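Here is a short briefing to read alongside the model. Keep the viewer open and follow the topics in turn.

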Amino acid sequence: MAIHNHSTFLTSIFLISLLSLSSAEIRSTKVKSDNRPIIPIDEFGFTHTGRLELNVTGIKLSTRNNLDLSKLGFFLCTRDSWLHVLEQLEESEISCALDSNLVKKVYTFNSLPGTSSDSFGSLFVETDSDQYTLVFANCYPENLLVSMNIRSAMYNLDGKSRTRDYLSAGRTILPRIYFFFSVIYFAMSVFWVFVLYKKRLTVFRIHFFMLAVVIMKALNLLCEAEDKSYIKRTGSAHGWDVIFYIFSFLKGITLFTLIVLIGTGWSFLKPYLQDREKKVLMIVIPLQVVANIAQVVIDETSPFNQDWVTWKQVFLLVDVICCCAVLFPIVWSIKNLRESARTDGKAAVNLMKLTLFRHYYIVVICYIYFTRVVVYALETITSYRYLWTSVVAAELATLAFYVFTGYKFRPEAHNPYFAIDDEEEEAAIEQLKLEDEFEL
């Protein structure tokens, strides 16, 4: 029973920590007085030319008496292999994960140069293509506290030039993907400026805000392309990560604000926001600040960190709240339009607006569901070599959402109030009666 509980505990630690590993760049990790049996450090997709450079300094053990130092060390393991290692532990075939023939030992502490040595450096060559996790194992979790500073660099060598590629095998083309989409959004920005100029007599403030959202998205993608490009070549973002986080923050705030403003009909249906609509913005904007802070912590810290899982949960919770909050203004606008259609004598016009907002409501839900659920599922089931496909899927969905929003709420030169005849008005009234039972 003890072994079973211990294995379950190891499973939880290992799998939770693998929910969102960096999969790139040179990582520095500090372990301080830690007694956990398993500490995941980083994850990487190796090709047949994989390399792991591991440098550890400041090694301190709470005690060295009667310790078998071969029970302390680093190893590489795939997710599938780890499940079999747990079976070996449960069946008492082995007493320590390092004893399994399913893991690849990188370095164990019995190889330290001397009993008083507190540092080592190691180069591990990986020729088997797969996605591996670098893990530190402490097979004395109840009695031993470990402290050390870890610097790990995982990369693949290019087949021809033998240059280092610090991006995981499934992510090495991400810089080109992000740059390609940034060009598309910059082109969309130019086209939108042309549309605003051509139809400047019917342009509202919301249309300029839509332009700002597209520009922020383009700059965000450009910075992410540069960020990944520097990591690919050098293992470090060289400051581009800071610029990326800034534009990511601005893009997130402007996008959610735009959805709320369109949902309220601000500027093109009414020139003001009601108090309840202002409250939604007052909720969404601060939550986006929290979400971006959480995202920075998740990206910049190792999953071994005690607070990493907490920040991950905070990010997911805040993101769900924001996604739900932006739907309320759309629902309110739909209800207001239905009520107006019965009282102001303009049933046909209100039916057109009502249909538009219903479509937008459905599209927003589909966009949120796809980018939050479907993309995550795709990333989970896809081979490590094709992890870039989840990024492409998310960006295509986002692009489609931007195009739909721009097309449906573009400046219109005609006034729909003057284009409705009596027959259309009567048909609209009948349609509204039939739709009285419509439920969101």
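The accessible surface of the chain comes to about 21,900 Å², and 60% of that area belongs to carbon and sulfur atoms; such areas come from the Shrake-Rupley method with a 1.4 Å probe, and for residues only the protein chains shown count as cover. This is a predicted model, in which local features need pLDDT of at least 70 and side-chain atom pairs count only at pLDDT 80 or more, while totals for chains, interfaces and linings use all residues. Residues are numbered from 1 along each chain as its sequence is written, and side-chain values use heavy atoms, with hydrogens and water left out.

**Overall make-up**

- The chain holds eleven helices and nine strands; these are DSSP runs numbered from the N terminus, with helices (H or I) of at least four residues and strands (E) of at least two.
- Of the 440 residues, 50% count as buried, where buried means under 20% relative accessible area, exposed means over 50%, and partly exposed lies in between (1.4 Å probe, protein chains only).
- Among contacts (heavy atoms within 4.5 Å) between residues at least 6 apart in sequence, 80% join residues at least 24 apart.

**Nonpolar cores**

- A nonpolar core is a set of buried Ala, Val, Leu, Ile, Met, Phe, Trp, Tyr and Cys residues joined through side-chain atoms within 4.5 Å.
- The largest core has 56 residues, and Tyr360, Val364 and Phe401 touch the most other members.
- Elements giving two or more residues to this core include helix 3 (174-198), helix 5 (240-264), helix 9 (347-381) and helix 10 (388-408).
- The most comes from helix 4, which gives eight residues to this core.
- Leaving aside neighbours within four places in sequence, valine 364 is in contact with Ile259, Leu327, Ile330 and Phe401.
- A second, separate core has 28 residues, among them Phe44, Leu61, Leu72 and Leu76.

- Helix 3 has 25 residues and reaches 36 Å from its first C-alpha to its last, close to the 36 Å expected at 1.5 Å a residue; the expected span is 1.5 Å times one less than the number of residues.
- The buried residues of helix 3 include Tyr178, Phe181, Ser182, Tyr185 and Trp192, and their cover includes helix 4 and helix 10.
- Helix 4 (residues 205-234) has 30 residues that should span 44 Å, and its end C-alpha atoms are 44 Å apart, which agrees.
- Glycine 235 follows helix 4 and has a positive phi, near 85°.
- Alanine 218 lies in helix 4 and is buried, with a relative accessible area of 0%.
- Not counting residues up to four places away in sequence, alanine 218 touches Ser182, Tyr185 and Phe186.
- Alanine 218 and tyrosine 178 are 40 residues apart in sequence, with their C-alpha atoms 9.3 Å apart.

**Aromatic pairs**

- Rings of Phe, Tyr and Trp (its six-membered ring) pair if their centres lie within 6.5 Å; planes under 30 degrees apart count as stacked, over 60 as edge-to-face and the rest as tilted.
- By this rule there are 16 aromatic pairs.
- The rings of phenylalanine 109 and phenylalanine 120 have centres 6.3 Å apart and planes at 65°, so this pair is edge-to-face.
- Phenylalanine 109 lies in the loop between strand 5 and strand 6 and phenylalanine 120 in strand 6, so the pair ties together parts that are eleven residues apart in sequence.
- Phenylalanine 109 is buried at 1% relative accessible area, and phenylalanine 120 is buried at 9%.
- The rings of phenylalanine 328 and tryptophan 332 have centres 6.1 Å apart and planes at 40°, so this pair is tilted.
- Both phenylalanine 328 and tryptophan 332 lie in helix 8, four residues apart, about one turn of the helix.
- Phenylalanine 328 is partly exposed at 48% relative accessibility, whereas tryptophan 332 counts as buried at 18%.
- One aromatic cluster is formed by Phe74, Tyr107, Phe109, Phe120 and Phe136.

**Charges over rings**

- A charge sits over a ring if NZ of Lys or CZ of Arg is within 6 Å of the ring centre and within 35 degrees of the ring normal.
- Arginine 200 lies over the face of tyrosine 197, at 4.5 Å from the ring centre.
- Arginine 233 lies over the face of tyrosine 230, at 4.7 Å from the ring centre.

**An exposed proline**

- Proline 113 lies in the loop between strand 5 (104-108) and strand 6 (120-126), and it counts as exposed at 71% relative accessibility.
- Not counting residues up to four places away in sequence, proline 113 touches Tyr107 and Ser119.
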